[in-house]
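Subject: Handing over the structure

Hello,

Here is the structure I promised to pass on to you. Have a look at it first, and then read on for what turned up.

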Amino acid sequence: MSRVAEEMKRLMGKGIHSRDMIGDGDHVMVAVSGGKDSLSLLWLLRERIRWVPISYRVTAVHVDPGFGADAAEQMETFFSTYGFNYRIIRSDFGPLAHGPENRENPCFLCSRLRRKTLFGLAAEMGCNKIAFGHHKDDIIETFFLNIFYGASISTMKPVQDFFAGKLRIIRPLFMVDVDLIRRYARLMGWPDINLGCPTAGSSKREEIKTVLHRLYRSNKKIKGNIFHALQNVKADYLL
């Protein structure tokens, strides 16, 4: 196994163990958008079953946002080719979120509608965990998005319970850098799946990425320092 694959396994396993994300008998829904991060997560979570002393089930779910691209067909081909249990949900959430009354923040509404669908499907399928492919860079970017545009100091949590603990969201890749995920996806030879989103690459998140990458290039320690700061909050020194 390559060093890239080994490091992906190690960091995902470390993240899962550090927050006790998956237990024996769990049914884990993996939300698969078609991006490299969610494909990597799906693949590694299923592979992990072979070497851990517990048993759990993995079901892939893709919610097609309805932009008219062939993403759903590509995802179905991927799932069936590699033998995954899966569900594909077709929706009109993307066009709805990009309607004239919601031009300022279409990403938020689209994400909210898709997540609501996943919650309902999890109850229907008997899934007690939903795994998202958010990685270290996503967590850092969300922190700054929430400061600049949400007026709050917060970010995505590696583990979050809903409905009195009946459903748990997990983010097993929260310790993994996006660059490592990209290298792993290239190694695996996975296709680029385009959802057809008209605002992809031009969102507020992309603006944050640009600023952060400039800082990262100036000092290699900055990303790590931000990530560790999120786990070293001194509430007594906040207003």
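Predicted model: local features only at pLDDT ≥ 70, side-chain atom pairs only at ≥ 80, totals over all residues.

Let me begin with the overall shape. The C-alpha trace spans about 50 × 50 × 40 Å along its principal axes. A compact globule of 239 residues would have a radius of gyration near 18 Å, and the protein agrees with this, having 18 Å. Of those 239 residues, 44% count as buried. Among contacts with a separation of 6 or more, 75% are between residues 24 or more positions apart. The accessible surface comes to about 13200 Å², and carbon and sulfur atoms make up 52% of it.

Now to the inside. In soluble globular proteins, nonpolar side chains tend to be buried together. The largest nonpolar core here has 52 residues, and Val 30, Leu 42, Leu 45 and Phe 79 have the most contacts inside it. Another core, of 17 residues, lies apart from it and includes Met 29, Leu 118, Ile 130 and Phe 132.

Which of its residues are buried? They are Ala 71, Ala 72, Met 75, Phe 78 and Phe 79. Viewed down the axis of helix 3, these buried residues fall within an arc of 125°, so they line one face of the helix. An α-helix has 3.6 residues a turn, so residues three or four places apart point the same way. The buried residues of helix 3 pack against helix 2 (36-48), strand 2 (57-64) and strand 3 (86-90). Just after helix 3 comes Gly 83, with a positive phi of about 75°.

Last, look at strand 5 (residues 159-162) and strand 6 (residues 167-170), which run antiparallel and are joined by four bridges. Val 159 stands opposite Ile 170 in strand 6. The two strands form a hairpin with four residues between them, and Phe 163 in the turn has a positive phi of about 55°.

Enjoy exploring!

Best wishes

Note on methods
Residues numbered from 1 in each chain as written. Heavy atoms only, no water. Buried < 20%, exposed > 50% of the residue type's maximum accessible area, 1.4 Å probe, protein only. Arc of directions from axis to C-beta. Contact = heavy atoms within 4.5 Å. Core = buried A, V, L, I, M, F, W, Y, C linked by side-chain atoms within 4.5 Å. Pairing = 2+ DSSP bridges. Rg over C-alpha atoms; globule rule 2.2 N^0.38 Å. Areas by Shrake-Rupley, 256 points an atom, 1.4 Å probe, with all protein chains shown as cover.
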